[in-house]
Amino acid sequence: MALPEVIDSVLKRFKVEATTCYDPAIHILADRERIAEVFSNLIRNSIESTDEAVKIEIETKKEKDFVKIRFADRGKGIAKEDRKRIFEPFFTTKEEGAGLGLAIVKSVLEAHQGKIEVKSRKGRGCEFIIRLPLRRQDA
């Protein structure tokens with residue numbers, strides 16, 4: 001599966017300004033719909049984290065035998081005390097929502113032998129970094 005195609009198809013569903021920088025040769029072995037769900041949840045969170053026009057940066061980069069996918073925004077950010085819990089089911093800081101989006105993200109990535117980490121400062125935005133194994137011939 002060509003990773004840029006999946007990301008671009010998800011971006012088309014949302015009204016969001018995105019700056020992308022892709023390594024076009026990256027392919028992963030994954031369930032396209034489930035990975036698209038991961039990207040949708042991250043983009044939706046970016047949209048919901050700001051009161052202004054959303055600007056997202058998305059970058060893919062090959063690193064050894066995995067791909068690093070970086071999603072960054074300039075939204076409200078996540079408080080330090082909440083960062084430890086954001087991937088827990090039903091944890092939310094929003095007035096609406098079930099608190100399942102990031103729990104689903106983590107679960108899908110783990111099912112694909114992937115990982116996710118977050119870097120954030122309250123009021124300065126978020127950066128989610130995903131690592132997924134490359135398709136064998138790309139590694």
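Contact here means heavy atoms within 4.5 Å of each other. Keep that in mind on this tour of a predicted model.

**Stop 1: Ala 72**

Select Ala 72, in strand E3. Leave out residues up to four places away in sequence, and Ala 72 touches Lys 55, Ile 56, Glu 57, Cys 126 and Glu 127. Is Ala 72 buried or exposed? Its relative accessibility is 4%, so Ala 72 counts as buried. The C-alpha atoms of Thr 19 and Ala 72 are 9.8 Å apart, although 53 residues separate the two along the chain.

**Stop 2: the sheet**

Show the strands as a cartoon. Five of them form an open sheet, and the order is E1-E2-E3-E5-E4. The pairing is mixed. At the edges are strand E1 (17-21) and strand E4 (115-121), each of which pairs on one side only. From one strand to the next, the twist averages 15°. Strands of a sheet pair through backbone hydrogen bonds, in parallel or antiparallel fashion.

Next, select residues 55-63 and residues 66-73. These are strands E2 and E3, which run antiparallel and are joined by 8 bridges. Pick out Lys 62: opposite it, in E3, stands Val 67.

Then bring in residues 3-11. This is helix H1, which lies across E1, E2 and E3. H1 runs at about 170° to E2.

**Stop 3**

What joins E4 to E5? There are 7 bridges between them, and the two strands run antiparallel. E4 and E5 form a hairpin, with 3 residues between them. Click on Gly 123 in the turn: its phi is positive, at about 85°.

Show the side chains of E4. In a regular strand, side chains alternate between the two faces of the sheet. Which side chains of E4 are buried? Ile 116, Val 118 and Ser 120 are buried and point to one face.

**Stop 4: His 112**

Step back to the loop between H4 and E4 and select His 112. Its relative accessibility is 14%, so His 112 counts as buried. Look at what surrounds it. Neighbours within four places in sequence aside, His 112 is in contact with Leu 29, Ala 30, Asp 31, Arg 34, Ile 35, Leu 132 and Pro 133.

**Stop 5: the largest pocket**

Turn on a surface. Rolling a probe the size of a water molecule over the atoms shows where empty space is left. The largest pocket has a volume of about 720 Å³. How many residues line the largest pocket? The lining has 28 residues. Select Asn 45, Glu 48, Thr 92, Thr 93 and Lys 94, which lie nearest the centre of the pocket. Helix H2 (32-48), helix H4 (101-111) and strand E5 (125-133) each supply at least two residues of the lining. H2 gives the most, with 4 residues.

**Stop 6: two cysteines**

Finish with Cys 21 and Cys 126. Cys 21 has 47% relative accessibility, so it counts as partly exposed. Cys 126 is buried, with a relative accessible area of 9%. A disulfide is a covalent bond between the sulfur atoms of two cysteines. How many disulfides does the structure hold? The count is 0.

Key
Residues are numbered from 1 along each chain as its sequence is written. This is a predicted model: local features need pLDDT of at least 70, side-chain atom pairs count only at pLDDT 80 or more; totals for chains, interfaces and linings use all residues. Side-chain values use heavy atoms; hydrogens and water are left out. Two strands pair if DSSP finds at least two bridges between them. Axes are lines fitted to C-alpha atoms, for helices over the stretch in contact, and angles run from 0 to 180 degrees between N-to-C directions. A disulfide is a pair of cysteine sulfur atoms within 2.5 Å. Buried means under 20% relative accessible area, exposed over 50%, partly exposed in between (1.4 Å probe, protein chains only). On a 1 Å grid over the protein atoms alone, a cavity is a set of points where a 1.4 Å probe fits but cannot get out, and a pocket is an open set with protein on both sides within 12 Å along at least five of seven lines; lining residues have an atom within 4 Å of a point. Grid points are joined across faces, edges and corners, and a volume is the space filled by probe spheres set on the points.
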